[in-house]
Amino acid sequence: MKHSSIKVRKTISTTLIYLILIIISIIWLIPVLWVVLTSFRQEPGAFTSNFIPEHWTLDNYRKLWTNTVYPFKDWFINTFWVACASCAISTFLTLSVAYVLSRLRFTFRKTYMNIALILGMFPGFMSMIAVYFILKAVGLTQNLWALVIQYSASAGLGFYIAKGFFDTIPRSLDEAAKIDGATNAQIFYHIIMPNSGPIVVYTALMAFIGPWNDFIFANVVMGDNYNKWTVAIGLYQMIQKNNIYNNFTQFNAGCVCIGVPIMILFFILQRFYVEGITGGAVKG
């Protein structure tokens, strides 16, 4: 009887949890579904009384990619280039810093880690004006390299998860390699990296998504040079007050397009993503 009662309570509890999760999922998916449906809507304007379009069309996507006033194709290429370059540099810097802090012992190591932890608690846009004037002083504003530098410069502060992952790799591997005469760099490239696939993938994925989605820094740095804009700035300009009626459905088509690379990356790398973040959380 007692065992049966426990089983019933467990079933009710599990059912309630699943029910809550389903409701949360539906609430979360409705805005996404609305954006996707609107991207195929033929009726112009921002708002309609119907959730599902009355007339369907692919013209929003065709106009978006062939638009010369709002060159979405150029903006997409700019964003892709900045995200890839930032991803490569940031991943290397993050993993290097994480390896050094995980394996080496030196003066101010703990101090640096504490400072990095505190600085990481502040929102990045607090440094926006200072970064802008520094870039302006060296003549790098309205330049895509400025965005790459900006996104990569703070990579050294995001080492905690990677460091936690490296801490789980036995030090005996390093010691055996050192006995054979390997340097720290050789250990990093030939021993640690081949055994750290999940955290490398996780770090690269995060380093790609950040620049891909950023609006604040990109808007400040690129200014009115619309040929160098990223998709975040360009899409925002498409739905300003005077343009929103004609461009709103194209804007939603653009939102769908910029979400596709992220979804493809995530679906391909999701197994490594989970392993990376859980592995890094062990001692992070």
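**Starting from a leucine**

Leu119 is found in helix 4. Helices here are DSSP runs of H or I, at least four residues, and strands are runs of E, at least two, numbered from the N terminus. Leu119 is partly exposed, with a relative accessible area of 44%. On the cut-offs: buried is under 20% relative accessible area, exposed is over 50%, and partly exposed is in between, with a 1.4 Å probe and protein chains only.

Before going on, the ground rules. This is a predicted model, where local features need pLDDT of at least 70, side-chain atom pairs count only at pLDDT 80 or more, and totals for chains, interfaces and linings use all residues. Residues are numbered from 1 along each chain as its sequence is written, and side-chain values use heavy atoms, with hydrogens and water left out.

Back to Leu119. How far apart are Leu119 and Leu157 in sequence and in space? They are 38 residues apart in sequence, and 7.9 Å apart C-alpha to C-alpha. Leu157 sits in the loop between helix 6 (144-153) and helix 7 (160-167). Leu157 is partly exposed too, at 32% relative accessible area. Beyond its neighbours within four places in sequence, Leu157 contacts Tyr112, Ala116 and Leu119. Contact means heavy atoms within 4.5 Å.

Next, Leu93. This residue lies in helix 3. Leu93 is partly exposed, with a relative accessible area of 33%. What does Leu93 touch, not counting residues up to four places away in sequence? Ser152 and Ala155. From Leu93 to Thr11 the C-alpha separation is 48 Å, and the two are 82 residues apart along the chain.

**The whole chain**

Let's step back. The protein has 13 helices and 0 strands. The radius of gyration is 24 Å, well over the 19 Å that the globule rule gives for 284 residues, so the protein is more spread out than a compact globule. That radius is taken over C-alpha atoms, and the rule is 2.2 Å times the number of residues to the power 0.38. Along the principal axes, the C-alpha trace spans about 75 × 70 × 30 Å.

How much of it is buried? Of the 284 residues, 37% count as buried. Contacts between residues at least 6 apart in sequence are another angle: 75% of them join residues at least 24 apart. The accessible surface comes to about 16800 Å², and 69% of that belongs to carbon and sulfur atoms. Those areas come from the Shrake-Rupley method with a 1.4 Å probe; for residues, only the protein chains shown count as cover.

**Buried positions**

Now Ser39, in helix 1 (residues 2-39). Is Ser39 buried or exposed? Ser39 counts as buried, at 0% relative accessibility. Its contacts, leaving out residues up to four places away in sequence, are Thr57, Asn60, Tyr61, Thr249, Asn252, Ala253 and Val256. Ser39 and Gly254 are 8.1 Å apart C-alpha to C-alpha, with a sequence separation of 215 residues.

Two of those contacts, Asn60 and Tyr61, take us to helix 2 (residues 59-66), whose buried residues are Asn60, Tyr61 and Leu64. They cover an arc of only 95 degrees around the axis, which puts them on the same side of helix 2. The arc is that of the directions from the helix axis to the C-beta atoms. The general point: an α-helix has 3.6 residues a turn, so residues three or four places apart point the same way.

Helix 12 (residues 231-238) is mostly covered, with 6 of its 8 residues buried. Those are Val231, Ala232, Ile233, Gly234, Leu235 and Met238.

**Two positive phi values**

Last stop, the loops. Phe108 is not a glycine, yet has a positive phi of about 70 degrees. Phe108 lies between helix 3 (72-103) and helix 4 (109-119). At 61% relative accessibility, Phe108 counts as exposed.

Gln142 is not a glycine either, and has a positive phi of about 55 degrees. Its loop runs between helix 5 (128-137) and helix 6. Gln142 is partly exposed, with a relative accessible area of 32%.

That's the tour. Questions, please.
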